[in-house]
Amino acid sequence: MYGAGNIGRGFIGQLLSQSGYQVAFIDVNQTVISALNERKSYPVEILENEANSEVLVENVYGVDGMDVDAVADEIRRADVMATAVGVNVLPRIVGNIAKGLKARWDEGNETPLNIIICENLIGADSFLREKICELLSADEVEKFDSRVGLVEASIGRMVPIQTPEMTKNDPLRVCVEPFCNLIVDRDAFRGEIPPVVNMSAYAPFQLYIERKLYVHNMGHSMTAYLGQLKGYEYIWQAIEDPEIETIVQRGMTATALALSLRYNVPFKDLYEHVEDLLYRFTNRKLGDTVFRVGRDLPRKLSPDDRLIGAIRACLETGVNPAPLYAAVAAALRFAPDETSEKPASEILTEISKLSVDSEEYQQIMRYAELLDGENGVATVRAAIKRSMSQY
């Protein structure tokens, strides 16, 4: 398990351990690595509104990510591998991965190695392949393509920022929500799909990538941006506001319908996912903040990300994206953020790549004006209702 952070320990590592694997966590956090090697286990606390529970993850140990030889040796011997290091760190670990793969092949190990990529990056498989193959010979690239599966995953479990109250001064303790299903790309595996508890393999996987980004992440962000306008600190506070819940539900339903039309799958299944997410957003024990969910506007307002990408999915399938226009308008009012000093027009043209003459730009600016008025969120909710009833 490359990455011993919140997702690595609180989700993927837990599933691998419960599947009967001995789990080697690779990380540069020496405190975490030392504690793993000393205790060989760690607690995962499941936070629910009603009552908490705890799972002890066992049969684990730590490996220093700076020890290139040790990391390569773990990859050489691995039955299955996963990454959860963060998009910015991925390029830094490819050298160790390449060295470990070469060690496997040098000793004649032709067993496929599937790497489950748990990163918030569309096209993470292609990105990782390109970086690794730069370090391989032509013959090794052939081996790589036939023996290494780069398996994208949809990370649905919500893991909040760990507060001192959550960790209880334990560097290994991690608190998570109950949802614990791992969805992966069935077509990306090489050889047999490894047995992992709660892992489901689907194809075409692009549907699940877009469901995570354009329904889950988009709805979460909508809740944050509208919540900030009404002065809420936590996501659960925002989603329990009837005005905000109505707008978020309409937005998530719109993108669910768009994906149903785009991929010719039953709308019922996607809508049930929307309702489940709306309930999960109400989890008070997670303590997830509006700021954490809404931050990083340059990424979240980029052309293919959760908001602008969802709008385009709706327009391409003939679905009214009115609630999504309102969500972007609310994002333009989000502060503090590194874009908060930029004018809205500049954010939309430079970051979101929208033309000032486009329908998307005009509608977003219209909703931004409504939000600036008295009772802005209530006014926007009424405007969305009118727009969708006339569609």
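Predicted model: local features only at pLDDT ≥ 70, side-chain atom pairs only at ≥ 80, totals over all residues.
**Entry: aromatic pairs**

I stayed with Tyr 225 and looked for its ring partner. The rings of Tyr 225 and Phe 334 have centres 5.1 Å apart and planes at 75 degrees, and I call the pair edge-to-face because planes over 60 degrees apart count as such. Tyr 225 belongs to helix α8 (residues 206–229), while Phe 334 sits in the loop between α15 (322–331) and α16 (344–351), so the pair ties together parts 109 residues apart in sequence. I checked Phe 334 too: at 1% relative accessibility, it counts as buried.

Next I searched the whole structure and found six aromatic pairs. One of them is Phe 25 with Tyr 42, with ring centres 5.9 Å apart and planes at 75 degrees, so this pair is edge-to-face. Phe 25 comes from strand β1 (residues 23–27) and Tyr 42 from strand β2 (residues 41–46), 17 residues apart. Both Phe 25 and Tyr 42 are buried. I also noted an aromatic cluster formed by Tyr 202, Phe 205 and Tyr 208.

**Entry: the five-stranded sheet**

I then traced an open sheet of five strands, in the order β5-β6-β7-β9-β10, and its pairing is mixed. At the edges I find β5 (81–83) and β10 (199–202), each pairing on one side only. From one strand to the next, the twist averages 30 degrees.

I walked across the pairings. β5 and β6 (residues 113–117) run parallel and are joined by three bridges; Met 81 has Ile 115 in β6 as its bridge partner. β7 and β9 run antiparallel, again with three bridges, and here Ile 155 stands opposite Leu 182 in β9. β9 and β10 run parallel with four bridges, where Val 184 stands opposite Ala 201 in β10.

What covers strand β9 (residues 182–185)? I found both of its faces covered: Leu 182 and Val 184 on one side, Ile 183 and Asp 185 on the other, are all buried. I also saw helix α6 (residues 138–147) lying across β6 and β7 (148–155), at about 50 degrees to β7.

**Entry: α17 and α18**

Last, I looked at helix α17 (residues 359–372) and helix α18 (residues 376–389), whose axes come within 7 Å and cross at roughly 140 degrees. That makes α17 oblique to α18. I listed the contact residues, among them Tyr 367, Leu 370 and Leu 371 of α17 and Val 377, Val 380 and Ile 384 of α18. The contact residues divide into seven nonpolar, three polar and no charged.

Note on methods: Residues numbered from 1 in each chain as written. Heavy atoms only, no water. Pairing = 2+ DSSP bridges. Helix = DSSP H or I, 4+ residues; strand = E, 2+ residues; numbered from the N terminus. Axes fitted to C-alpha atoms, helices over the stretch in contact; angles between N-to-C directions. Contact = heavy atoms within 4.5 Å. Buried < 20%, exposed > 50% of the residue type's maximum accessible area, 1.4 Å probe, protein only. Parallel < 35°, antiparallel > 145°, perpendicular 65-115°, else oblique. Nonpolar A, V, L, I, M, F, W, Y, C, P; charged D, E, K, R; others polar. Phe/Tyr/Trp six-rings, centres within 6.5 Å; stacked < 30°, edge-to-face > 60°.
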